[in-house]
Amino acid sequence: MPVTWMGNTYVIQHSNGQCIIALKSRMSEALPFHELYVKGIPRNYGPEELVPIFSNPGVVHTIRLLMDFGQHNRGFAYVSYVDPRHIDRALVTLHGMQISVTQRLEVSKSRNSRSLQLCNLQNHRTVAIISQTIAHITRIREFRCKMIRIGETNDVTIIFKSHHDYIHAYTKLNRVRHIFGPTCCIKTY
């Protein structure tokens, strides 16, 4: 059942142990790169309570509320905003906010990595060929690549749609990194 707040409609989906609350007008977009990690959420809170609270600093893009097997929230979520500048405002506004009689929110920038770097790739590879190879190996189709030439080799930064895709890709690519060149390595950040 959708949630409407301040003229914005949010659609609710359940996927992989998460209750995903997404701005309907932005659902086709990839998740913003920057997210906040929020803990201290009362376990009985759902989308109807969280959308107004997290919308205080700015228009929310997505709330990823982690759920347990009984479909109760686990007390933490990842929140992203339509305008990335609202991240800093949310840190100040939401951190320490009294959300119930016994709980305060703790807010920090997420360490939910979604990008990695393939280093020392052979020069004869293009971004298109590297993208096709990554998609074939990982079976992930939604990611962005950016190539940087460094002397005789190239480095490629890959940004994935989710942390889950990032972990899956890192695991698969690390096993076969030698196909990109004998000195290829993977950096995470």
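This is a predicted model: local features need pLDDT of at least 70, side-chain atom pairs count only at pLDDT 80 or more; totals for chains, interfaces and linings use all residues.

Visitor: How many bridges join S9 and strand S10, and in which sense do the two pair?

Guide: In general, the strands of a sheet pair through backbone hydrogen bonds, in either a parallel or an antiparallel manner. Here S9 and strand S10 (residues 153-160) are antiparallel partners, with eight bridges between them.

Visitor: In what order do the four strands of the open sheet lie?

Guide: The order is S9-S10-S8-S11, with antiparallel pairing. Strand S9 (143-150) and strand S11 (185-188) each have a single partner strand, so these two stand at the edges and one side of each lacks a neighbour in the sheet. If direction is ignored, neighbouring strands of this sheet are turned by 20° against each other on average.

Visitor: Which strands does helix H3 touch as it packs on the sheet, and which does helix H4 touch?

Guide: Helix H3 (residues 127-138) touches strand S8 (115-121), S9 and S10, and its direction makes about 135° with that of S9. Helix H4 (residues 163-175), which also packs on the sheet, touches S8, S10 and S11, its direction making about 160° with that of S11.

Visitor: Turning to another part of the chain, is Glu35 buried or exposed?

Guide: Glu35, found in the loop between strand S3 (18-23) and strand S4 (36-39), has a relative accessible area of 5% and therefore counts as buried, the cut-off being under 20%. The side chain of Glu35 is joined to that of Arg64 by a polar contact of 3.0 Å.

Definitions and conventions. Residues are numbered from 1 along each chain as its sequence is written. Side-chain values use heavy atoms; hydrogens and water are left out. Two strands pair if DSSP finds at least two bridges between them. Axes are lines fitted to C-alpha atoms, for helices over the stretch in contact, and angles run from 0 to 180 degrees between N-to-C directions. Contact means heavy atoms within 4.5 Å. Buried means under 20% relative accessible area, exposed over 50%, partly exposed in between (1.4 Å probe, protein chains only). A polar contact is a pair of N or O atoms within 3.5 Å; within protein, one must be able to donate a hydrogen and the other to accept it, and residues adjacent in sequence count only if both atoms are side-chain atoms.
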